[in-house]
There are 4 protein chains.
Amino acid sequence: MTQTSPDAPTSPAAERPMRADARRNRERLLRAARDTFAEQGVDGSLEEVARRAGVGVGTLYRHFPARDDLIEALLHERFERTIAHAESLREGGDPWAAVEAYLRDVLSDAATFRGVAASIKATMHDASTPLGTVCALSRQGWSTLLEWARAEGVVRADADADDVLRVVYGIAWAADQRRARRPDSDPRIEPMLRIVLQGLRS
Amino acid sequence: MTQTSPDAPTSPAAERPMRADARRNRERLLRAARDTFAEQGVDGSLEEVARRAGVGVGTLYRHFPARDDLIEALLHERFERTIAHAESLREGGDPWAAVEAYLRDVLSDAATFRGVAASIKATMHDASTPLGTVCALSRQGWSTLLEWARAEGVVRADADADDVLRVVYGIAWAADQRRARRPDSDPRIEPMLRIVLQGLRS
Amino acid sequence: MTQTSPDAPTSPAAERPMRADARRNRERLLRAARDTFAEQGVDGSLEEVARRAGVGVGTLYRHFPARDDLIEALLHERFERTIAHAESLREGGDPWAAVEAYLRDVLSDAATFRGVAASIKATMHDASTPLGTVCALSRQGWSTLLEWARAEGVVRADADADDVLRVVYGIAWAADQRRARRPDSDPRIEPMLRIVLQGLRS
Amino acid sequence: MTQTSPDAPTSPAAERPMRADARRNRERLLRAARDTFAEQGVDGSLEEVARRAGVGVGTLYRHFPARDDLIEALLHERFERTIAHAESLREGGDPWAAVEAYLRDVLSDAATFRGVAASIKATMHDASTPLGTVCALSRQGWSTLLEWARAEGVVRADADADDVLRVVYGIAWAADQRRARRPDSDPRIEPMLRIVLQGLRS
DNA sequence: AATGAATGAGGATTCATTCAT
DNA sequence: GATGAATGAATCCTCATTCAT
């Protein structure tokens, strides 16, 4: 009765779809954060993020009360795609190809939002943070994948899922040219990844 | 006598013998920096360094105009030992053991101060900085060592010296617990290194 | 009928009867403000007030354009009761008892919300504000009461009505524990009031 | 030996008398704080204080790391004078005159640094703060004085030292015109104090 | 009328670096 | 040469108030 009363002001239905301008600002903020964090690292100035988004600081804080909420939002979509990919890879039937493809995905995730590897590393195992929760999902997918590859005998028995992930994030970090005095012409992700892949193969 | 001691500042020709108290302060500053950086990482407060050294900030700046000069001075000694080690390893006759030992040295150097890997990465290829110069020396030693191991056939032909170094610094970064919410009990350097080593072996 | 209810807004002639939902919101806001101010003092967050009322901030501002309007509305009822009390006291026939009772009322009013004494003090003599107007009414009642007590010879001749009120508000302020580092177990209003009462008696 | 060595830079003796410019800035800061706090209350902007002193914020924080250190410094001198006065008053032989004079001192202290009464009230009983410590001293003096007056029979037996102080601070607060919309022409401290004094007399 | 998103000034605090003593 | 006082940019965050929807 209450929700169908004539007093209900504007929204006809019960769900609140987020106002158009709010949604637009959210998008802008995410884009600005992506850029800013790429340049300054995930410690980058939030004030700067707001400025780039053409938005007041207050707006940023309304949308993302904590820095991690911003990072989490940044990663969420990507991670979900990666996890979905992992599942589809398992259906491909080639465990080694799957491992390769997955790690390339991870690197691509970490490279897209440069500097985010640091953040992931920091909260990777803290399920109490939103970011940690996303990471847990991602690690779960990778773990299953690796287990399978191990069972199929294409990966060394002693390779731990977390350790491999860590090295891969280390590669992402090493390839990150941010703050380098003389930018390397070549990010050289591939050669580094190849070393690791060969280290995994049994 | 004083100016020929092994602690003489880096410039090859010292015009003036450096006053006794200046030398003493330099030593104190290095020691204080070592402690401070060990606790707070290489981003640690310089004011804190000066305080621990029992010296004014101004004095610190006179001796080490930039933070990197301080880091460089701290790494110099370590790096020289590592380079010397590389040479002695070549005399051991076992190229694979040499590669292993050397990379472990590198990791140990990088683990000295939290965050130092980032500094190294940033200036690695910039010979105009003091830190870059030290790195160049180090890379030279590693390059020769790897070449030898490759010639002996114990290391894959396609492994590039710089790429391997990068991955190893990536490992150091990944093992760095700074800013981690829930510090991992175990930095897990060994398992990560093992993956890389196995990736190098031919 | 609706506009003659005791809850009608302060303006004497209400052109339009005020929509039912508007009236409901007004009530809710007052209730929420009462709670919030009781907890956080009169400096409490207005956003919080709106939230508790289950209403947007905008609505709050529509009903109460300034914080003082809210405070005024909250005090209005209390003050009216106090004024009425003053009149009934005069009928009691005991002027000293009346003075005592009245000042206790004032203290009780001022203790309603932390910090409200400051608001009262600030606008006490400014009849252009709604709060000031209420205060003027209140002071009028007190003045008459005191005059009577003076005429009856139970109160010193040199006691000025405003001065006494000021001291009493000062007591309310002194008893206010807001921001105290170590909250006093006992606000000690009574002993302070007793000093003042004894200072009044002739 | 060490302190007489030729290395000792400027200060001939062992004590460090504070550099001339530092002392000057300290004075300026205190003056600026006095003014700023008078206008904005003790919650006044520290940035403003620094600006008025013609000094960077950093300088303010170097001299007074916490707001209370500033307030404490502001009160220290005054309080000491008041305490000394209390002692001299006891030698005067007239306990009632002493009580009167002392409370006038207290009011004068509280009025000089307007708004400071609030701060005193907040930390009055917290000996862990520097301000609380100063207050304790002050209260000690007053307590002794009052005890004496009580023993001499000129003050009511039931008057508690702390309660009286509280009312007096309440008077200071009530007389404070800061933030009043229509400043009262007359601070009216005297009439209020007289009420309290008469309330004390036995 | 109601809503709540957006604003942005404002306040506290830190610290690398410079410079007067 | 040594000292440490001074600087002030930079960062985080909060909240009263306005205004587009």
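Residues are numbered from 1 along each chain as written, and chains are lettered from A in the order in which they are written. In this predicted model, local features need pLDDT of at least 70, side-chain atom pairs count only at pLDDT 80 or more, and totals for chains, interfaces and linings use all residues, while side-chain values use heavy atoms, leaving out hydrogens and water.

User: What is the mean pLDDT of chain A?

Analyst: Let's start with confidence: pLDDT is the predictor's confidence in each residue, from 0 to 100. In chain A, 86% of the residues reach 70 or more. The mean pLDDT of chain A is 84.

User: In which helix of chain A is confidence highest?

Analyst: Helices here are DSSP runs (H or I, at least four residues), numbered from the N terminus. Confidence in chain A is lowest in helix α6 (residues 116–123), at a mean of 76. At 96, the highest is helix α9 (residues 189–200) of chain A.

User: Over which residues of chain A does pLDDT stay under 50?

Analyst: For this stretch the model has four contacts beyond four places in sequence, a contact being heavy atoms within 4.5 Å. The stretch is residues 1–14 of chain A.

User: How is α5(B) oriented to α9(B)?

Analyst: The axes of helix α5 (residues 95–111) and helix α9 (residues 189–200) of chain B come within 11 Å and cross at roughly 140°. Axes are lines fitted to C-alpha atoms, for helices over the stretch in contact, with angles from 0 to 180 degrees between N-to-C directions. Angles under 35 degrees count as roughly parallel, over 145 as roughly antiparallel, 65 to 115 as roughly perpendicular and the rest as oblique. The crossing at roughly 140° therefore makes α5(B) to α9(B) oblique.

User: How is α1(C) oriented to α4(C)?

Analyst: Helix α1 (residues 20–40) and helix α4 (residues 67–92) of chain C have axes that come within 10 Å and cross at roughly 90°. That makes α1(C) to α4(C) roughly perpendicular.

User: Which residues of α1(C) make the contact with α4(C)?

Analyst: On the α4(C) side, the contact is made by C:R67, C:L70, C:I71, C:A73, C:L74 and C:E77. From α1(C) come C:R26, C:L30, C:A33, C:R34 and C:F37.

Definitions and conventions: Helix = DSSP H or I, 4+ residues; strand = E, 2+ residues; numbered from the N terminus.
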